[in-house]
Amino acid sequence: SPPIVARLEAGKATSVVAEGAGGQVFVIVPPDADHPAPRVAWQHTGRGMTDGSRPTGPLATDLDGDGGSEVVIADRAARGHAVLVACRGDGSELWRREFTQIPGGPAVWNVGALTYWWPGQFREPGKTDLFVQLVMEYTERLSERLREVYASEGPFAQRMLRALDAYLTFV
């Protein structure tokens, strides 16, 4: 994945955020008066955004309005499902959101995964939210539910809304 450069703490120098080997994300800070060489400030298990063919890397955006960007990465919970984690500039977790129906690894053809998470002001002006894209694993259970909805009575638009509801309930 490509590295990114972000100001993780208000008023401080920018840092490099890079996805490394072994499912680790590293934050590298530049030299300063006390440290003549760049150094790893912190690391966290996880990965950046990808759909399986295009690695995009981690995301850095100010989620809490403090002027510093949080690093947002995907991780795998101990039980194997996907987790989205927002880390503060010091490496501590601001929040974590578990997706218990989604596998925690990177996207692979026909297997579910978190793929992308995009920042924006989707619900409230001045407050940054994340729009999370995911891939659902195609299962017989999901297929059966969608077939029932598509075959149901009513105009096409109503059937599509019921299909979306069935899909979101499944997730």
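Biologist: Why is Asp 32 called partly exposed?

Modeller: Asp 32 has a relative accessibility of 38%, and since buried means under 20% relative accessible area, exposed over 50% and partly exposed in between (1.4 Å probe, protein chains only), Asp 32 counts as partly exposed. This is a predicted model, in which local features need pLDDT of at least 70 and side-chain atom pairs count only at pLDDT 80 or more, while totals for chains, interfaces and linings use all residues. Residues are numbered from 1 along each chain as its sequence is written, and side-chain values use heavy atoms, with hydrogens and water left out.

Biologist: What makes the contact of Arg 39 and Asp 32 a salt bridge?

Modeller: A salt bridge is a side-chain nitrogen of Lys or Arg within 4 Å of a carboxyl oxygen of Asp or Glu, and for Arg 39 and Asp 32 the N to O distance is 3.9 Å, so the pair meets the definition. Arg 39, at a relative accessible area of 30%, is partly exposed.

Biologist: How many salt bridges does a search of the whole structure find?

Modeller: The search finds five, including the one between Glu 98 and Arg 79, at 3.8 Å from N to O. Glu 98 lies in strand 10 (residues 93-103) and Arg 79 in the loop between strand 8 (70-76) and strand 9 (81-87), so this pair ties together parts that are 19 residues apart in sequence. Strands here are DSSP runs (E, at least two residues), as helices are (H or I, at least four), and both are numbered from the N terminus. Glu 98 is partly exposed at 35%, whereas Arg 79 is exposed at 68%.

Biologist: Are Arg 123 and Asp 129, which form another salt bridge, buried or exposed?

Modeller: Arg 123 has a relative accessible area of 69% and is exposed, while Asp 129, with 8%, is buried. The closest N and O atoms of this salt bridge are 2.9 Å apart.

Biologist: What makes Trp 118, Phe 122 and Phe 131 a nonpolar surface patch?

Modeller: Patches are made of residues with over 30% relative accessible area and no salt bridge, like charges being joined within 9 Å and nonpolar side chains (Val, Leu, Ile, Met, Phe, Trp, Tyr) within 5 Å. Phe 131, found in strand 12 (residues 129-135), has 45% relative accessibility and counts as partly exposed. The patch comes to about 320 Å², with accessible areas taken from the Shrake-Rupley method with a 1.4 Å probe, where for residues only the protein chains shown count as cover.

Biologist: How do you know that strand 7 and strand 8 are paired?

Modeller: Two strands pair if DSSP finds at least two bridges between them, and three bridges join strand 7 to strand 8, which run antiparallel, so the pairing holds.
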